[in-house]
Each structure stands twice: as C-alpha cells, then as structure tokens.
Amino acid sequence: MEQDRYHEVEPLVREELAISHELNGEQSEKTAEILGRLATVVLSLGRIAEAEALRSEQYATRRKLLGDDDPDTIQALHQLTALFLTQERYAEAEALCKKELAVRPSPSEDDTSLVVLGCLSRCLYEQEKYEEAERYEREAIAASRMLYGDHHPKTLPYLRNLVLSVFCQDRYDESEALWLEIHALNEENYGPDGEATLESLHWLARSTYLQGRYAEAGELFSKELELWKDKGETRAESLKCLSWLARSLSKQQEQVGKAEALWKEEITAIRQGADGCDKEMLCTALHWYASFLAGDGRRQDEAIAVMREELELTRELEQVVEHPMKTLKVLEYLADFLFDEERYAEAVSVWEEVVSVSQAVYDSSTHALTLRARDCLARSKLEIKCYSEAEAIWRRCLSDMPENQHHVEEEEGSPSAKRRRLDFCHWLALSVFYQDRFDEAEALWREELAGRQAKSTQEEDEDKATSSALARCLHWIGYLFFVQQRYGEAEPFWRDEVEKRQKLNNGDGQQRLNPKTLDAKSWLARCLGHLVGKQMEAKAIWEEVIGGWKELENVEKVAEAEVELQKVVGAGIATQKKVNDNDGLQRTRRLFALFGPYTADQCDPGATAQLLNIRLFKKRQSVLTSMDESERSSTHESFFPLGLLMLLYDLTLCGGIDEGDSEGDDGGEETEEETGACEALDDALGQTERLLAISG
C-alpha cells in the first residue's frame, strides 16, 4: 500500500478499535487483532515508538487471554521482537528471542523457530558476545541441515553468521577454512559473480590478509575487483574491495606506489558520489589513507591534514548524536599521532577536546578512557614544560579515583584501577620534580615504589608491565638523589633497576642486549664515578656498556659512553688514594677548621664539596655584613680566591687532579699540571686563613 493510503487507513482502524473497545472491551481477542493492524499502519508511517506501544499492548492482551503457548501470543511476541531489531535494541531483542524459543518447537523441526534462533545469534553478535553467538550459530547450522540438507542455500546464512563470529574472535585460520567452504557453495548456487559469491571471496581475502599473507590476499582482492568491473558497476562494495587491495599492496615494499594510487582512486570515486557511498564511507577511506601516510615517516604533515579532514567529516555526521563515539575515536587517533611525532603543543589542544567529548560520551569523569585522555593531556603539557598545569591534571585524576574506589569503569584490556593510580602517582612526582620540589617528588615516588613492590609480591608471576613500571620508578628515585649529589643513596636504587631490567630482558633464560638495560648500567656507572673507592667498578661497567652499544651498532651511545669512561680513567681512578693522602687530608681539615666542624667519616666527595660551598657562602655573607661599604668593596675582591679554593678542592677530592700516583704510572712523579694545582690550592688556603683572621 502506498504511504499516502496509510494516512487514510489510520483513522478508519482507530474508529474500528474504538468500536471494539465499546462492544468487546479492552481485553478481547478482537481488540488485540485490531491493535496489531493499527501497529502495522503507524509503523508504516514511521512512528516507531507508537507502534512499539501498540505491539506491547497486543502481546500483553494475548498473554492474558490465551497464555504464553498460544500461536497468536507467540506471533505477537515475534512481531514485538522484530520491532526491537529494526531499532537495533539488541539486548531487549535478545531477551524476547530467548522467551520465544522457550515456547516454540525445536528449531530442527520448525523453520520459524530456526529464524528466531538466527535472530538470537545476531543479537548476541551485534553486542560483541561472539562466543555465545557462535554457540547458537552452530546450533542453527545443525538444525538447518536437518531441515533442508547439508548444502541447501537456506543453510548458507547461518554458516555466514558463524564465520563472522569466529572471525571477530581473531581465529583467522578457522574463518579462512569456513569461508572456503561457503565460497564453494556460493559459486555452485549463485555463480562466480553472484553478490553472495563476491562477498564470500572478499571475506576469504580478509582472513588471508589478517594472517599476514599479503601477496596472496592481494591476488584474491584483485580477483574480486575484476569481477566487480566485469559487472560494469562502481559501487560501495567494489570500492571497499579497492581499499583492501590497497592495504594488501601497502604491505609489500615494491607495491607501495600502486597502493597509494588505489586509495586516491577510492577517495575520488566516493567524492563523486559512487552508488551506495556516503560520508561515512569517505571517513573510512580517509582514515586508511592517513594511516598509510603516517607510516611513511616523511609525510607527517600530509597525514595530519587527512586526519583533520576525516575529523571534520565525522563531526558533521555526528553533530546531532548525543554520544559522538566515532568523533571521539578519530580525535584520539589524531592526538596520539601528534604526541608520537613530538608535536606536543598541537597534541594539547586535541587532547583537551578528547577529554571534553569523552566525558560527554561516557557521562563520567572516572571512565577508563576519560582518565586515559586526561593522563595523555597532562603528559603533553609536561613535554611543553607546563609543569604546574600537568601537576593539577594528575592531582585531579588521583582525586577522582581514591584508593577505596571500586566503581571506576574499566575498559577491557585497560590497566587496573590500582595500577593506573600508581601511574598517576609517578607522573605527578615527575611534574613536581621538574618544579624543583624534590622532597615532594621523593615522597610520591616512594609511595609509588611501595605500591609496586606490594603488587609485585602479590603476583606469583610478575607481568612485564609491572616489572617495567617498577624499574622505571627505581630509576627516577636514583636520578632524584643523583641531581642532589646524594650519590650514596642513589646507588642501591640503580643497582636494583639494573637487576630488574636484566630479569625483564632475560626472562626466558636467553641473554640479550637491551637498550634500557644498558641505559640503567650507564647511570649506575655515573653514580659510582662519584663515590670513593668505586671508580674501578665504574670503569668496568662503562667498558661493558660500550661493548653493548657497539654490538647494537649505536654509534652515538658508544661515543657518549667513551667520553664518560675517559672521565673515570683520567680523573677518577685514584680517588680512594686521595682521600687517604696525608696532604689531601690535611687540606680537608684546614678547610673545615675555617667553615665548620670536620668529621673523620666524611667520605662522599660530592657531598663534602657541597657542604663546604654552603658554609663558605654563609661565612662570606656574615663577614661582608659586618663591614662598612669601603671595607666591603675591597674585601669583596679578596673572596675570589675562595671560589678558586672551592673549585680546586672539588677537583682534587673528586679526582679531577691526581695528587698521588695515577693508575699505570708506577708511582711516577706528579705532572706539571698536578704540581701547579696543588700549589694553587695551598696558596688559596693561606689567603683564606689570613683573610678570615683579619676580618674576624
């Protein structure tokens, strides 16, 4: 019936319904029958919500009058289920399908029951419940074969649904075997260029592609494309094939140029309005072309331009959508790419939009993906040195997920709430560290360390992510102490990091070189180079590190490590002798006599130099404050030897100038430079003692 005629029919059916209410009452079979006809009319006029209300009323009436098992009740239930399916309300449709199957004959005995079983598997598939869908699909195939025979065309749709569920579980080898079976049946039933045959060929090629057999997949996609061309049609299905052929070719180095040409051909055809194509399909084509450009490594600007075009189109498509999920995914893809390309300022603006859209989509500030977006925004701000802003974001993340919070909405495969909290704690510590608030940073990293160690203890088989995060935490605590010249405290953390990274790297018992392990050893060697009596160990570690970088053929790292090794060889090997050297010890005591008490167990040269510098500064300030302006002016110049004194002291104590025998010289005489440095140090000490005696 033409739609205009439904407008004429509707008032007549409504009048009939009113009369039935009057004659038969609201709870009558006649009234239920008219309700069904009226539902059909209003549904044909596009008023879905009203049709649903009428179907629900009809089903409720028949249940009350006839019972659940009556064929008319079952038919009303079936029609209501179909209405939910047309609205893609799969969870509600699933419940009704199960209810209907419970009162129908076995699907192997009744074709309508088989249809309902197929609908149920579709509902589960659309909700991504692939394992459960597969179970019902196998039941439907068995029932169909009992009803129609092994190779009947009516069995094919159930086979198709099964293979799609298997495919979506990433079981591509199984899906390939099933598609081969379906393709053979389709060729037999519909011919080599039938649409069902072309579809099965397409999915067979995709299963091959996803197993990494790109050349073989390319041949299958090429065959499909030729069949579409033979039909003389350029439509959505043929362009999808073109896109997959381009992907297959892009994985083969010698075919990259052809792949790009195919993507451009696809995009042009969609823009020109090829049959069945729309803006959503153009978005998909742009997405894959952008991915291709992004993988080039030299065409980032082109890739970003295509991503932004895809984003604008997606926004346009979802401008009236309450939850713009596709827009969110495109935004995340663009933001991730900008961050990976170190275009942090651009990434910040995109991540800010991701946070806003994510909160709207999930209607929650604690959803896993919303928290991830905030985390990425803070990391981008950290990279552009907006440390206080990054700090504020991570504090907000932590405040939104207290330790006892169990309602944080998790995404499958995402880190646990506890692990995410420790990650936020780590990055918050880093943002505080970069603001020179070392005490706060230390407290936060120690909190993180305690949490990760507890988690590591609880897990029988510590996973790689937990071990890696623990090693990272150990590194930063060591580095925090290192920059404060607390070398003795830094050492054990870097030793633990080296041990942890070696276990990570050699977990399967195989010894391998790993850049992160070599970096950890480098920092340990730097630390040991500052500690009395440990320069020889530092030298050995640097030699090991240099050998590792050479094996990995990292020329830059080799050069960097060789410079560090020379510092140890040329300046630090004899440090332990200097501390015990009588002249050096005497100078140390004279310095502390001037600036503060001397302790015999003072053995950390870096800390000693730092302490003397602080005391020197305070002494200088107190002396200058007690003088008038003329005295202060003349005395100010006299303090220059103190700067020289501290420099020379630092050099001699830490190994910059060798006062005794250097390694390998067999107790030879001091060099001219060493003798001059020691004389300058003694002279500076004398000047300082005289100056303080006068001013005191």
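Visitor: What does "buried" mean here, and what share of the residues in the protein chain is buried?

Guide: Buried means under 20% relative accessible area, exposed means over 50%, and partly exposed lies in between, with a 1.4 Å probe and protein chains only. In this chain of 696 residues, 46% are buried. Keep in mind that this is a predicted model, where local features need pLDDT of at least 70 and side-chain atom pairs count only at pLDDT 80 or more, while totals for chains, interfaces and linings use all residues. Residues are numbered from 1 along each chain as its sequence is written, and side-chain values use heavy atoms, with hydrogens and water left out.

Visitor: How many helices and strands are there in the protein chain?

Guide: Helices (H or I, at least four residues) and strands (E, at least two) are DSSP runs, numbered from the N terminus. Here you get 32 helices and zero strands.

Visitor: At what angle do helix α16 and helix α18 pack?

Guide: Axes are lines fitted to C-alpha atoms, for helices over the stretch in contact, and angles run from 0 to 180 degrees between N-to-C directions. For α16 (residues 325-340) and α18 (residues 368-383), the angle is about 30 degrees, and the axes are 11 Å apart. That makes α16 roughly parallel to α18; the labels are roughly parallel for angles under 35 degrees, roughly antiparallel over 145, roughly perpendicular from 65 to 115, and oblique for the rest.

Visitor: Which residues in α16 and α18 meet?

Guide: Contact means heavy atoms within 4.5 Å. From α16 come E332, D336 and F339, which meet R372, R379, S380 and E383 in α18. Sorted by type, the residues of this contact are one nonpolar, one polar and five charged. Asp, Glu, Lys and Arg count as charged; Ala, Val, Leu, Ile, Met, Phe, Trp, Tyr, Cys and Pro count as nonpolar; the others, Gly among them, are polar.

Visitor: Is N186 buried or exposed?

Guide: N186 is buried, at a relative accessible area of 4%. You'll find N186 in helix α9 (residues 172-190). Not counting residues up to four places away in sequence, N186 touches L156, G191, A196, T197 and S200.

Visitor: Where is Q87 found?

Guide: Look in the loop between α4 (71-86) and α5 (90-103). Q87 is partly exposed, with a relative accessible area of 25%. Leaving aside neighbours within four places in sequence, Q87 is in contact with I48 and E52.

Visitor: How many disulfides does the structure hold?

Guide: A disulfide is a pair of cysteine sulfur atoms within 2.5 Å, and this structure holds zero. C241 is buried at 0% relative accessibility, whereas C386 is partly exposed at 22%.
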